[in-house]
Amino acid sequence: MADQAPTPGRILPAPEGHIRADQLRAAGTARRAFMGKALAMGAGAAVAGRAAAAEPVGEKQILELPAHSTGLGQPVAARGYGQPSRWEGNLQRRESPGLTRVSAASVSFAPLQGLFGIITPNGLHFERHHQGWWDIDPSQHRLMINGLVKAPRVYTMDELMRMPSTSRIHFIECGANSGMEWGGVAVPTVQYTHGMLSCCEYTGVLLSTLLDACGAEVGSGTGDDRYVLAEGADGSSMTRTISMKAALDDVMVAWAMNGEMLRPENGYPLRLVVPGVQGVSWVKYLRRIEVGDQPWDTKDEVLHYVDMMPDGMLRQFTSIQEVKSVITSPSGGQTLLDHGYYNVTGLAWSGRGRIKRVDVSTDGGRNWRTARLESPVLPKALTRFNIDFTWDGSPAILQSRAIDETGHVQPKINQLRAVRGTRSIYHNNAIQSWRLLPSGEVGNVQVY
Amino acid sequence: MARRSTHRPAAAGIRALFLFAVALVMASGAALASPPGQAASAGPWVDLGRVATPDEVRAWDIDVRADFKGLPPGSGSVDDGMDIWDERCASCHGVFGESNEIFTPIVGGTSDADIERGRVAALADGSEPQRTTLMRLSRLSTLWDYTRRAMPWNAPKSLSVDEVYAVVAYILNMGGIIDDDFVLSDRNMAEVQARLPNRDGITFHRAMWDVDGKPDVQGDACMRDCGTTMDVHSAMPPFARDAHGNLALQNRVVGPVRGTDTTRDPPGTLEQAREFALAAASAGMAGAETGTAGTDVAGAPARLAQGHNCFSCHTRDQALVGPAFKAVANKYAGSPGAADRLVRAVKEGSQGVWGTVPMPPNAGVADADAGAIVKWILDGAP
């Protein structure tokens, strides 16, 4: 092999310096010969073109070379932290006008209508702040664990990030997601009906690891005698009671989302991740964990995040986000540009485990077909579904219905209302209906 | 106004560094002093972290439970509460706690009969348009704890323990739950709890707290000829078509669909809809080329105002808690010295110019920032 002279022009597995001088000369000669031929051919073609004078037939996007095909592009690291294409500027998290009065105690919705797969880009993750967000110096942040523990402990970020870490994909959904729709249709698009929903790969240490390290009293295992309180470091110092069962199962103290540190809007440098449980329990800017023998009845357990039942009773601690799904495209506020084939796509999730099946109806729930679930199908994570749909121009009502691995079936809004009335605000996991009009416009409707 | 907020100049930073050094020293000490028997059950990382000092636990563990565990000793009168309320609380919650301008009202919707019964009738019959805090409140500890940890809105945790008792007393007094001469204290909280109008209005639904439980509502998995019609029971009303802005500019400019142009009436045909949607998408692409797509708050001064939370109380065009910026610009148009006066108002607070609601001082806003924001406001907040 080493004795054989490779033919000039052959691709070598090593840098060009390995080419011998004689090979280089041979290559140069060959190249000049080729160039000569090409020039001659080009001239001939030009002459032929003038003779025929035929306009080229086709799209200018193909026939006329654009600047990016005929010029030099941007260098590497022109942007040290990459940004989405400027053509993607329409996909933004947005507030729902009139929903809240103060933007520091408000919510911005993720643009689900334009997202793919199951992972939410960090910059489009929905936001919910109770008293504004902060960008906290991580070297000054502390996590304290106290209460029914052998000795209260304090951790720096340095110490937490040395702990045995785990990375898991989970959805986070605000308990008030779809809350504006209890009484009827109130908002136009999936961004506003379902956009208090995101899904990330979180990295952190399991809360159980920290509780073990502190010698926490974990109780009998029934979950009835020990509880955990999580508290934030921001102005609102959000507090929520976490079930000890969950704390010993899959609750995480996380510092990362989707491969990078948490975004400030999502609790940098530390947040609780409570898989399957409503977002309010995922305390941001986490500063303290307390172990106790009763729930705490905090503001967001007594005054908010309570289901108001028809008799006026407030039902607290309904924390699990039940099985739910929604078609994200085509969806409300979108217009189909033509008849023919469409891929109907959407998301399904359950706070109790994996999604087992998603069915889709195009006739308002009379007949259903089972959609394809894209992998991965993970517990307490978003699952992407797709199904074929050929639109013939007639009106259609698109719906999706999820079933989780525990056998729970996503209900219709009228089934929810029969039990909970219309004034509940929270925990609306109803089947969503989108009406497709002959004009191609899709709108938000309630059909049952 | 005392602003014990986190942004303080150099001294605080130096103090923090010192504490950090102390913490490091303590951390190494704690490792040696690990309680016996703990390491065996907890893995080799058990020495990470350190034992918290009792003072540190006291500084952070301020939660108060429904059984009043954690409630610090102290007291405050209704009278004192009224003074604090007018100064620190009324600007957001209204003089009588009735305001729904910024937040859900705190006071209203409860009756003596409710206090007697322990359930608020208006929650069941829906006779009140707003569900006030006192209508829903079933645990007095909740109101006390939240007031202490998170209020006032722009200076949380700045009330002393006695001030918290006083403010809570005043709220309860406005709701007719305690008398004008009442002094609320750690010794009588349980007594007042027994008078809360909605004290028996809450239930714990275990099945939806426990992951092994079961939701209260089930759907059905019917596949064919299921019991439904295509009746539309509810839809977006036509007048709300553009209530969330132009949806064409909230969707991608390529793909199987476009956003609907909600600045136009609904199109009659597919061809017309396609034409509208594509035109709107093109208009959106023009925005993308200039880099303004999706932006709402444009320009440096506006971002500055946003950064200093001015938009919490003001908007450009409409009065919110405070006057609209444009109204301020109109009022002071051509008035000499207006800029200086407004910078002072920003930094020191102001009251009486636009009504009774005081503007809180914002001493933490740098002079240069305040100047730039005021100039922008006087220019009509473009």
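How many helices and strands does chain A have? Some notes on this predicted model follow.

1. **Make-up of chain A.** Chain A has nine helices and 24 strands. It holds 448 residues, and 54% of them are buried. Take the contacts in chain A with a separation of 6 or more: residues 24 or more positions apart account for 69% of them.

2. **Confidence in chain A.** The mean pLDDT of chain A is 91. Of its residues, 88% reach 70 or more. Two stretches need care. In residues 1-6 of chain A, pLDDT is below 50, and the model gives this stretch two contacts beyond near neighbours in sequence. In residues 42-49 of chain A, pLDDT also stays under 50. Here the model has zero contacts beyond four places in sequence. Where pLDDT is low, the predicted coordinates should not be read in detail.

3. **Where the chains touch.** On one side of the contact are 115 residues of chain A, and on the other are 100 residues of chain B. Which element gives the largest share of chain A's side? Strand β24 of chain A, residues 442-447, supplies five residues. By class, the side of chain A that touches chain B has 44 nonpolar, 44 polar and 27 charged residues.

4. **A sheet built from both chains.** Strands of a sheet pair through backbone hydrogen bonds, either parallel or antiparallel. One open sheet has three strands, in the order β13(A)-β14(A)-β4(B), and its pairing is mixed. Why is one side of β13 of chain A and of β4 of chain B left without a neighbour in the sheet? Both stand at the edges, each with a single partner strand, so one side of each has no neighbour there. Strand β14 of chain A, residues 314-316, pairs with β4(B) in the parallel sense over three bridges. Within this pairing, A:L314 has B:I202 as its bridge partner.

5. **A second pairing across the chains.** Strand β16 of chain A (residues 334-336) runs antiparallel to strand β6 of chain B (residues 257-259). Three bridges join them. Look at A:L336: it stands opposite B:V257 in β6(B).

6. **Domains of chain B.** The domain assignment gives chain B four entries: domain 1 (16-31 + 45-61), domain 2 (75-193), domain 3 (243-289) and domain 4 (300-378). The C-alpha centres of domain 2 and domain 4 of chain B lie 30 Å apart. Their contact takes six residues from domain 2 of chain B and four residues from domain 4 of chain B. The domain 2 side of this contact has three nonpolar, two polar and one charged residues.

Technical notes: Residues numbered from 1 in each chain as written. Chains lettered and ligands numbered in written order. Predicted model: local features only at pLDDT ≥ 70, side-chain atom pairs only at ≥ 80, totals over all residues. Domains from an automatic or database assignment. Contact = placed C-beta atoms within 7 Å. Nonpolar A, V, L, I, M, F, W, Y, C, P; charged D, E, K, R; others polar. Helix = DSSP H or I, 4+ residues; strand = E, 2+ residues; numbered from the N terminus. Pairing = 2+ DSSP bridges. Buried ≥ 20, exposed ≤ 12 C-beta atoms within 10 Å, placed from the backbone. pLDDT = per-residue confidence, 0-100.
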